[in-house]
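Here is a short report for a reader new to this structure. Look through the sequence and the model first, then read on.

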Amino acid sequence: MAEKMALAKAINESLRRALDADPKVVVMGEDVGKLGGVFRVTDGLQKDFGESRVIDTPLAESGIVGTAIGLALRGYRPVVEIQFDGFVFPAYDQIVTQLAKMHARALGKVKMPVVVRIPYGGGIGAVEHHSESPEALFAHVAGLKIVSPSNASDAYWMMQQAVQSDDPVIFFEPKRRYWDKGEVDTEAIPGPLHKARVVREGTDLTLAAYGPMVKLCQEVADAAAEEGRSLEVLDLRSVSPIDFDAVQASVEKTRRLVVVHEAPVFFGSGAEIAARITERCFYHLEAPVLRVGGYHAPYPPARLEESYLPDLDRVLDAVDRSLAY
Amino acid sequence: MTVESTAARTPRRSAGNKAGTTGTKRTTSTTKKAAGADKSAEPALVQLLTPEGKRVKNAEFDTYVADITAEDLRGLYRDMVLTRRFDAEATALQRQGELGLWASLLGQEAAQIGSGRALRDDDYVFPTYREHGVAWCRGVDPTNLLGMFRGVNNGGWDPNGNNFHLYTIVIGSQTLHATGYAMGITKDGADSAVIAYFGDGASSQGDVAEAFTFSAVYNAPVVFFCQNNQWAISEPTEKQSRVPLYQRAQGFGFPGVRVDGNDVLANLAVTKWALERARAGEGPTLVEAFTYRMGAHTTSDDPTRYRGDEERLAWEAKDPILRLRRYLEAANHADEGFFAELETESEALGKRVREAVRAMPDPDHFAIFENVYADGHALVDEERAQFAAYQDSFADEDGGK
């Protein structure tokens, strides 16, 4: 049945369903138990499933991921929470060196069904290390799958699929959209986890985004429509793998592409998309693929983040530049 | 560096105290032995067999080897001899160009066989990359260990086949995996245990400290077995710690014990004790096996640049195999026939390993793309296809040969 709920609540409901469906699913992280997580994403889960299934961990990210790997080797399906994007790096070694490579190292004889949840991105006026978008740092690593939902329904279903995945999934949650409400049909049949979706059809230019930037791109498309421009908005949903077929199909129609993400442009996912689409759509493109994202600078203090993050005008500016070719 | 001798020392004993233990332990009436607490004194260690092959009594640990038979003792001896023979063969194979690298366990046979033989089949082992003796105890075919050193895979055995996880090269990481696995055992309500191997160098890693924390907090059934072989490549243990390593456990709230790493009986007894604690729900234990890396760190290392011969000679006198042989002979537990037969078996093992390695084929090129993911990945599929097309382009040039 369909119900309107906030994105954070959708993840909560999805985790509840996963815990209910499979006794091997465990949720672990800092403050995920009694507190329900600093964003309340795991609210009430420990009360209902107990301390053995919803585990408050010591404050040590490498330890959280490292023990999750051990639990996975024992047959568990851990869903771990990294409290904030900027806190993931103590666990980076375990994720990159162990979690990502274990299946290949074992020649396929062990599986690593571990979900690493990371609230990410800026726009909430936070202190340092609480607003970063490190997805490209993980996308470069073979063995990991990386997804980021943009709305409540995707958050619910993509989490279901991530928990069921036998591969490690880094689940980037757009924290500034946690409180955005949307319809969630808990009896729907979800599409594949790593397929993009056209959220708005258009003819003049494609905006490709994921996570928190999808909503922005829809607003950009609205604004552009007022100026008589028809923009297509593509929600990529997955950063590894990236659904290049969907991007290609869209670009073959619109002939122009702007990729938008909060992460720094330099070596970002937009760079990979630009390179691949240039190869695939060279004769279709009317303009070079443009990117809008963060700068090659540390994430700025909160009072400066509006100037750092892509916003309506910056994306529109890129749209104008593309259409000017 | 000053190497602490294991030879001249006998375990210090006082009523109710375990030599060389610190921390909490429910089964003893007092826990304050604090070996090493007196900075001027050398820490005590648990020893049941002197370098001269004399059995010494130990009130605390004798009970763990009380039922050991002559056949068991010959078995331990055989394990150590065959492991050393395998190790020597692997070193030779590296010199002959058949292996790219080898990490020798020479000198650490007692620590590995003693602890390895303390395990039950349903226990789980998380090794570093030097645990060839433990692998032997687990029944992993030694030739399977060589694939990664030859460069045909990154770990060629099924970890669940023998409850022996893959070798972990980034030191210390596996202590967390061991802890997580042990947490799973608790959740399952099983009474098996986990043992995590690591070295004096890895003891400095943050992951090891985090593993100590997690295992203590969750009271996980895990034994941390640190083989202090005195050298982390070129760095002596003083570069890792200002306190004897086993004392680290105290701060985390569980017992630590130092054992003579070259005494197979002591390693067997202490590991059994630690495993029993784990099974009884008493949580983690740190065992520091005080031993010596007789060879180089790996075949790429040159120890003459950082340590002298006299140190090695001192440790040779404490050789783990020699001391058990002395004991077996003195106690009439083994005759010449046994040793001769073992020599033959040993040579046969060397030959088998040699032949298996030489026959080990290079993997198919497409193995690059295998097992990257369990459920597949579009990019891997695309790149595999590109690679296949590229390979096929050469076939075309051959004119369809």
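## The open sheet

Seven strands of chain A line up in an open sheet with mixed pairing, in the order E3-E2-E4-E5-E7-E6-E12. Strands (E, at least two residues) and helices (H or I, at least four) are DSSP runs, numbered from the N terminus. Two strands pair if DSSP finds at least two bridges between them. Strand E3 (54–56) and strand E12 (238–240) of chain A are at the edges with a single partner strand each, so one side of each has no neighbour in the sheet. From one strand to the next, the twist averages 20°.

Strand E2 (residues 25–29) of chain A runs parallel to E3(A), joined by three bridges. There A:Val27 stands opposite A:Val54 of E3(A). Helix H1 (residues 7–21) of chain A packs on the sheet and touches E2, strand E4 (77–81) and strand E7 (169–174) of chain A. The direction of H1 makes about 135° with that of E2(A). Axes are lines fitted to C-alpha atoms, for helices over the stretch in contact, and angles run from 0 to 180 degrees between N-to-C directions.

## The model and its numbering

The model is predicted: local features need pLDDT of at least 70, side-chain atom pairs count only at pLDDT 80 or more, and totals for chains, interfaces and linings use all residues. Residues are numbered from 1 along each chain as its sequence is written, while chains are lettered from A and ligands numbered from 1 in the order in which they are written.

## Two domains in chain A

Chain A divides into domain 1 (2–185) and domain 2 (197–323); the bounds come from an automatic or database domain assignment. Their C-alpha centres lie 26 Å apart. In contact are 24 residues of domain 1 and 21 residues of domain 2 of chain A. Contact means C-beta atoms, placed from the backbone, within 7 Å. On the domain 1 side, helix H6 (135–139), strand E6 (145–147), helix H7 (152–164) and E7 of chain A each supply at least two residues.

## Where chain B meets chain A

Chain B puts 33 residues in contact with 34 residues of chain A. Helix H7 (173–188), helix H8 (206–217) and helix H14 (378–397) of chain B each give at least two residues to the side that touches chain A. The largest share, 11 residues, comes from H7(B).

Methods. Contact = placed C-beta atoms within 7 Å.
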